[in-house]
Amino acid sequence: MMFNVLCLALMVCSSLAVPLSSTTVLPTTVSVQSTQSALDKLRHLVGQQVAVLWQSADTNKDGKFTASDMNVIFTDYDHDNNGVITKAEFIGRFTRNQPEMDTIAQGLFLTLDVNQDSTITQHDLDLFYQRMDTDHNKHVNQSEFEKYFTEVMTLLFVIQLQGNTTTTTTASK
Ligand SMILES: [Ca+2]
Ligand SMILES: [Ca+2]
Ligand SMILES: [Ca+2]
């Protein structure tokens, strides 16, 4: 069920490339003020996660996201070294240090599995790279990377929040 929602949301997001406007996604029943603070919290959370992603993605710290960075990450995630990253390998590696990110990890897996055959291969990464390269100059810089993942992560966090609606509503002040 959750998986289907994620699939659907990601497909809609990636096919339309809709800029994620939180006002249209968040529940409309909450008051303006709590929506605002929830939005600030969401932006903060997303900003933090995107910064973490960038740090780990730019493996050689040269300020660019290149094929060589992707290869380093691919090898790291391909636990059994067979050239294919399975969903279990991806989620296991991604949640190793942050187990609470399970939903996010599932969503990221769907995002990275561009051809939707349930594994991540070099081919997916090539397609993914083209998708991030919004000015089509064959290079992905930090701003392209952050812009792309800010949209993806915002969507995933909103989905995660909606999955926990009852707990977040009672917990928010
Ligand atoms: Ca780099
Ligand atoms: Ca593998
Ligand atoms: Ca794939």
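Modeller: Let's start with a term: a polar contact is a pair of N or O atoms within 3.5 Å; within protein, one must be able to donate a hydrogen and the other to accept it, and residues adjacent in sequence count only if both atoms are side-chain atoms. This is a predicted model, where local features need pLDDT of at least 70, side-chain atom pairs count only at pLDDT 80 or more, and totals for chains, interfaces and linings use all residues, while side-chain values use heavy atoms, with hydrogens and water left out. Residues are numbered from 1 along each chain as its sequence is written, and chains are lettered from A and ligands numbered from 1 in the order in which they are written.

Biologist: Okay, how far is the backbone oxygen of Glu-100 from a polar atom of the side chain of Gln-160?

Modeller: Gln-160 sits in helix α8. Its contacts (heavy atoms within 4.5 Å), leaving aside neighbours within four places in sequence, are with Glu-100, Thr-103 and Ile-104. For the backbone oxygen of Glu-100 and that polar side-chain atom of Gln-160, the distance is 3.3 Å.

Biologist: Is Gln-160 buried or exposed?

Modeller: Here are the cut-offs: buried means under 20% relative accessible area, exposed over 50%, and partly exposed in between, with a 1.4 Å probe and protein chains only. Gln-160 has 16% relative accessibility, so it counts as buried.

Biologist: Let's zoom out. What pattern does the protein follow along the sequence?

Modeller: Helices (H or I, at least four residues) and strands (E, at least two) are DSSP runs, numbered from the N terminus. The protein has nine helices and four strands. Read along the sequence, they give α-α-α-β-α-β-α-α-β-α-β-α-α.

Biologist: How many Å does helix α8 reach from its first C-alpha to its last?

Modeller: Helix α8 covers residues 142–163, which is 22 residues. At the start of α8, a side-chain oxygen of Asn-141 comes within 3.2 Å of the backbone nitrogen of Ser-143.

Biologist: Which residues is Phe-90 in contact with, leaving aside its neighbours within four places in sequence?

Modeller: In soluble globular proteins, nonpolar side chains tend to be buried together. Once those sequence neighbours are set aside, the contacts of Phe-90 are Tyr-77, Ile-85, Ala-105, Leu-108, Phe-109, Leu-112 and Ile-120.

Biologist: How many residues of α6 are buried?

Modeller: The buried residues of α6 include Thr-103, Gly-107 and Leu-110. α6 is mostly covered, and out of its 11 residues the buried count is nine.

Biologist: Now the metals. Which residues coordinate the calcium ion (ligand 3)?

Modeller: Donors are N, O and S atoms within 2.8 Å of the metal (3.2 Å for Na, K and Ca); water is not among the atoms, so sites may look incomplete. Around this ion the donor residues are spaced D-x1-N-x1-D-x1-T-x4-D in sequence. At 2.2 to 2.7 Å, the coordinating residues are Asp-113, Asn-115, Asp-117, Thr-119 and Asp-124.

Biologist: Why does the arrangement around the calcium ion (ligand 2) count as it does?

Modeller: Four donors count as tetrahedral if all angles lie between 85 and 135 degrees; four count as square planar and six as octahedral if opposite donors are over 155 degrees apart and all others between 65 and 115; anything else is irregular. The donors come from Asp-78, Asp-80, Asn-82, Val-84 and Glu-89, 2.1 to 2.6 Å from the ion. Because the six donor atoms subtend angles of 52 to 158 degrees, the arrangement is irregular.

Biologist: Is Asp-78 buried or exposed?

Modeller: Compare another donor residue of that ion, Asn-82: at 46% relative accessibility, Asn-82 is partly exposed. Asp-78 has a relative accessible area of 3%, so it is buried.

Notes:
The expected span of a helix is 1.5 Å times one less than its number of residues.
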